[in-house]
Amino acid sequence: MKVTVDEQTCDHHGQCMIACPEVFNLVSPDRLEYVAEPDESLRDCVEEAESACPTLSIMIED
Amino acid sequence: MGDMATTSEVPYFDVSDPDFSVSSAEVLAARERSWYARTNFGIAVLRYEQTSALLKDRRLRQGSFAWPEQHGITEGLLHRWWSLLMLSVEGDDHRRLRRLANPAFSRALMEEMVPGFKLLAGELIDAFAERGRCEFVSGFAEPYSARVLCRLVGLDESRWRDLSHWSTDIGLAFGVTIGRDRERIEAGLRNMYGLADELIAERRREPGGDVISALVQAHDGEGRLSHEELEAMITLIVFGGMDTTKNQLGLALQLFIDHPDQWELLAREPDLAPRAVEEVIRWNPTVVWTTRRATEDLTVEGLDIPAGTTMHLLSPPANTDPLAVGDEPFDITVERRAHFGFGGGAHHCLGHWLARIDMREALPILARRLRRPRLERAPVLRPISGVTGPVELPITFDPGADA
């Protein structure tokens, strides 16, 4: 599983981190860190983050 | 680092004054001088960048958690309800509640309701269109938002009036008159709790695919939600989704009455609806005021903010801050930086897709069928505090065809 976050549209609300802190970490109000190739076992949690993002900035590639 | 500006240069506002308006010329003028103002109760933030950063900064918590207590309400139903709200809790409890509620408000689920939104908008307009006049709040904004909410929670739509009245009463809790209105707020809450218990019992007997069934399952099956939290969550969903959209639709129409060319444009080009919704909220948000409270000592742009300080984030001046978005007029064709009408950060509005999508459907239909809307007489306005919007908006228009 490959995760990308569109840095142009990401508005750093941190909803992804609420949904899936194993993969997403809002370090500060203007910086998001994330695991680009998380383990397959985290799929549900990453999909939850994708859906929770208010700006639809998270993309999952299989 | 200390306070960079001397006290005399920093604007001051009395935010407890019922006449204080976040959209006033005074506030906008203050924004040109300073990114913040001192108030009788914490710091007011006036510009875009600082509002954006503070909304998302995890060293601050949502600021309204102690609102009832600050107004002398220290026990009873309102106090208890408030303490259980997702808005009032932080950390692990907030995370648990938010994750339970999120799936029910996903964009995909809201998109499924679109055909129903279109039909509902058409049906409501049919009832008054031929007359060429209506009171827009009771004729459209209120039944539209209330019946959408009934659909969301799987409740018989004939009960929308009760829900709407109770929501209006509960909404008074977010205003500066919470102390004076306590009895009315608690009556609204008792009614809403009765409804929540009814829905819980019904979905326990016959589970469905709706949000209430999912929450009941989280309580019964997995114990991830206490009974009290379940009731509070349902009341928040019903209340939070209704009053806000009702008021935002009224504010939208007021704006378009003042900008007839933009209304014509939306009628001709319904694909502009998503931008129109964002532009309406940028200019005239129903939630004009969010708060945060510092949980530790902070320094923001040279200003020392001690732990415990309340920060008032005022969305009208921040949304229109010339430093961030330019000194731009109301224009539904332009894509701009995000507004703060849905708050931001961990407490970003849960129901924003519902609000966005149901308004995206309603506005172009209204623009086609209510041509050249104008005020029949002056609207009756709710005070600018908590949730803002017209209470009565009597208009006339030229009936148009929905072709």
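The model is predicted, so to speak of local features a pLDDT of at least 70 is needed, side-chain atom pairs count only at pLDDT 80 or more, and totals for chains, interfaces and linings use all residues. Residues are numbered from 1 along each chain as its sequence is written, chains are lettered from A in the order in which they are written, and side-chain values use heavy atoms, with hydrogens and water left out.

Chain A has two helices and four strands, where helices (H or I, at least four residues) and strands (E, at least two) are DSSP runs numbered from the N terminus. Read from the N terminus, the order is β-α-β-β-α-β. The radius of gyration of chain A is 10 Å, close to the 11 Å that the globule rule gives for 62 residues, so chain A is as compact as a globular protein of that length. That radius is taken over C-alpha atoms, and the globule rule is 2.2 Å times the number of residues to the power 0.38. Of the 62 residues, 47% count as buried, meaning under 20% relative accessible area, with exposed being over 50% and partly exposed in between (1.4 Å probe, protein chains only).

Turning to the interface, 21 residues from chain B and 18 residues from chain A make up the contact (heavy atoms within 4.5 Å). Two salt bridges are counted between the chains, a salt bridge being a side-chain nitrogen of Lys or Arg within 4 Å of a carboxyl oxygen of Asp or Glu. In one salt bridge, Arg99(B) pairs with Glu48(A) at 2.6 Å, N to O. On the side of chain B that touches chain A, the elements giving two or more residues are helix H2 (48-56), helix H5 (91-101) and helix H17 (352-369) of chain B. H5(B) gives the most, with four residues.

Finally, the backbone. Most residues other than glycine have a negative phi. Leu56(A), not a glycine, has a positive phi of about 50°. Leu56(A) sits in the loop between helix H2 (43-52) and strand E4 (58-61) of chain A, and it counts as partly exposed at 35% relative accessibility. Over in chain B, Glu301(B) is not a glycine either, and has a positive phi of about 50°. Its place is the loop between strand E7 (298-300) and strand E8 (303-305) of chain B, and Glu301(B) is exposed, with a relative accessible area of 52%.
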